[in-house]
Amino acid sequence: MSGKLYPVPAGEWRERAWLDAKAYDALYKRSISDPQGFWGEIGRRLDWIKPYTRVKNTSFVPGDVSIKWYEDGTLNVAANCIDRHLATRGDQVAIIWEGDDPTQEEQITYRQLHERVCKFANVLKAHGVKKGDRVTIYLPMIPEAAYAMLACARIGAIHSVVFGGFSPEALAGRIEDAQSKFIITADEGVRGGKFIPLKKNTDDALAKAGKGDETVLVVRRTGRPVPWTAGRDLWAHEETARVSADCPLAEINAEDALFILYTSGSTGKPKGVLHTSGGYLTYAALTHQYVFDYHDGDIYWCTADVGWVTGHSYIVYGPLANGATTLMFEGVPNYPTMSRFWNVVDKWKVNIFYTAPTAIRALMGAGDDFVKSSDRSSLRLLGSVGEPINPEAWEWYHNVVGEGRSPIVDTWWQTETGGILISPLPGATALKPGSATLPFFGVQPELVDDKGTVQSGAATGNLVILDSWPGQARTIYGDHERFVQTYFATYPGTYFTGDGCRRDEDGYYWITGRVDDVINVSGHRLGTAEVESALVSHPKVAEAAVVGYPHNLKGQGIYCYVTLNAGEAWSPEMVKELTAHVRKEIGPIASPDLIQFAPGLPKTRSGKIMRRILRKIAEDEYSNLGDISTLADPAVVQDLIDNRQNRR
Ligand code: 6R9
């Protein structure tokens, strides 16, 4: 770990920042000692229809897990993101859209956003969507994705955005679980010059999951021909032309659901993490302002996809609640060239740039020339999210991309946390490459050992959070018991993050990665169980075990051990076949990196797969496997070692 310390930049930079170290300390202390008072004041940054009188009503106590913020207040999230800005910034650009093709772009003002969202909302209403109904959004990175989300918010429908890279099977599971009858998609998506058949995928998903009473609203993106089911499918441009641009706001309780977002856990199917309205928006807006030191007039760009929580909180809700100009990028970092990010920064004079370590590492590997050919003088702040950033990539981001001028905010958070929990505040926090540094307001991190004993001072352990913050997920859609079991049962009385962590002598937090059976591939969460169940759904596979291993670009790679059915022979073609199968079942992000044929898996006598051993072999660290005497058949281990795929 790098021991380097980067102080807050001096001069103009520091003067402009919202908060310095003293202000952070004072506000942090107050947020912990008086959460009711602190969040009571912060919540007023939103426009409420009926102001709240109650602020925090939360319990992590086993048997009584309940999280409510601003529970007697009512508001409308879309009005907070759009309508209330119209008087002062109606003609300001709300969304800059940069197409995959560098010649395609669009700028949407707050006034235009208002009109388009209202029309979208009226289309939903015209087709029977009501408050509380679930709407599945399966769109590429086009402005309609934001219109669709905000249209749901305007009428109180609950959106479930599914990343456009997910397969029809994965989409079907999410439509089914959310019981959603209204799906918004596009004819096709475009990424890196390639077309993605979103409409066809939707048809395939509905053939699997549909009950026949769904409506599919289709945005025309490429205009190329797509399959069409009359009576079910509607063109968005035809529907929006038919409706009025006047759509009254629905009055929504602070604790009514805003969205569901599916994410992988250590067991079972992806879970529908549910976020509500008042607390979520308060937290997304506050963190967006302070963590990114956002000021009026800044051009802000988060490169995430709206299919992930980062896109929800930091492309759409946080920035728009703050009246920001948010850039939405349809493409990929390496198209048409490895300079694309920096060309976009120069074209739009981006001030704040937020991306993921996997992208930084890939661009670093391509060489400095792709960066240095651009100007980047508009950049003032850089951000990182999704996985731990290795100090080498951090230094490159800081020195080459940022030319040493721009602080880096390494923001640790999760789908379940709704917003950033641990991060530097750029005017307040000295930086250490690789550390997410210090907790945001209201966040009380703690480290516990496997027995739950609190580790004080400099220590390592499992990261838990002691008390609630307004952006926290409220439940898992349709399965509150699973919510309680997953997050509040391991270390009772606390929220368990699933991450391991180290705290140094300065109280800085260093996230070390997942301690459960979740792997983080290029910043995308995948449950090993999900990949295993995709593998065993192949007719020739008897059994499979999947673990993560260190990967230079992706952070973690997917390593699969596969046992075939009796009579099936292993061949190089099998590897291709199984790879294609997993891509079809889940999507390209779940493509196995390495697949090893396993005549048997190491199991205890009670039949439990010993993943610890499989992880070690996958890491090529098999010399110290620990105690294997409890294995039913220790001989299988030697075969796995002999045929390991990740030799150094
Ligand atoms: C926002 C997001 C959450 C998991 C999380 C952790 C990892 C995210 C990180 C980080 C180290 C950071 N993670 N940010 N690890 N440093 N700055 O990524 O949400 O997709 O739910 O993933 O990602 O392991 O538990 P999500």
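The exercises below, each with a worked solution, concern a predicted model.

In this model local features need pLDDT of at least 70 and side-chain atom pairs count only at pLDDT 80 or more, while totals for chains, interfaces and linings use all residues. Residues are numbered from 1 along each chain as its sequence is written, and side-chain values use heavy atoms, with hydrogens and water left out.

**Exercise 1.** Determine where threonine 325 is placed, and whether this residue is buried or exposed.

*Solution.* Begin with the strand: threonine 325 belongs to E17, residues 325-329 (strands, E, are DSSP runs of at least two residues, numbered from the N terminus). Next, take the relative accessible area, which is 6%, so that threonine 325 is buried (buried means under 20%, exposed over 50%, partly exposed in between, with a 1.4 Å probe and protein chains only).

**Exercise 2.** Find which parts of the chain are tied together by the pair of aspartate 467 and lysine 56.

*Solution.* Then place the partners: aspartate 467 lies in the loop between strand E22 (459-465) and E23, and lysine 56 in strand E1 (residues 56-59), so the pair ties together parts that are 411 residues apart in sequence. Finally, turn to accessibility: aspartate 467 is partly exposed at 23% relative accessible area, whereas lysine 56 is buried at 15%.

How values were computed: Helix = DSSP H or I, 4+ residues; strand = E, 2+ residues; numbered from the N terminus.
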